[in-house]
Amino acid sequence: MTNCGEGRQVYIRKLDENDYSVYREVTYAHFHYKNVFTEKFMQTIWKEVNAANGIASTIIEKSTGEICGFCQLKNVDTPTPEIGIDMRDGYMGKRYAQEAVKLLMDYASRQYDVDYFIWKAKKTNSVSRHIAEKAGGRLISEEATMEQWLIDYGKEKGVLQEEDISYICTYKIETV
């Protein structure tokens, strides 16, 4: 197992096959459409996470050796990889995510030609947005998750209200 970085509270290492059951647990716990979450679907997610153009890391709590979450980069073959994180419920609110994200960005900056990182979060996910901001992220866009014509049509017909529309916030995080 390749260690990718070590902080005060956590260290990150490359994801491996032994992490699958915990990765599945975390993914399922935070997945909104549980009725489509099958083993075949999970295998597809697992393959995508382990794709050649990304880095998937396991976050380990140093004091216990327990897996507390996962962080990953997509599109490391570009100068603007996208970073993401998913923590186990019992490990949220301890600043582990902030530390792990910094470790992963430091690792990627040493290994790849990175201009800056992209962080995407639902507008309603204040925790994810907070982590992006703590990492130095600057909000660069806020976009609806559905096409504008569909929003306009739904509002015109009276079947869509502003509170029904989800938005994605995109942050730009400069390398150090």
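Lys and Arg count here as positive and Asp and Glu as negative, while His and the chain ends are not counted; the place of a charge is taken as NZ of Lys, CZ of Arg, CG of Asp or CD of Glu.

**View 1. Charged side chains of the predicted model.** The protein chain carries 23 positive and 27 negative side chains. The centres of the two sets lie 3 Å apart. This is a predicted model, in which local features need pLDDT of at least 70 and side-chain atom pairs count only at pLDDT 80 or more, whereas totals for chains, interfaces and linings use all residues. Residues are numbered from 1 along each chain as its sequence is written, and side-chain values use heavy atoms, with hydrogens and water left out.

**View 2. Helices and strands.** The protein chain contains five helices and eight strands; helices (H or I, at least four residues) and strands (E, at least two) are DSSP runs, numbered from the N terminus. Their order from the N terminus on is β-β-α-α-β-β-β-α-β-α-β-α-β.

View 3. Gly5 belongs to strand β1, residues 3–6. With a relative accessible area of 14%, Gly5 is buried, a term that means under 20% relative accessible area (1.4 Å probe, protein chains only). Beyond its neighbours within four places in sequence, Gly5 is in contact with Tyr11, Ile12 and Leu103; contact means heavy atoms within 4.5 Å. Tyr107 is 102 residues from Gly5 in sequence, yet the C-alpha atoms of Gly5 and Tyr107 are 6.7 Å apart in space.

View 4. Of the 176 residues of the protein chain, 39% count as buried. Among contacts with a separation of 6 or more, 59% are between residues 24 or more positions apart.

Terms used. Buried means under 20% relative accessible area, exposed over 50%, partly exposed in between (1.4 Å probe, protein chains only).
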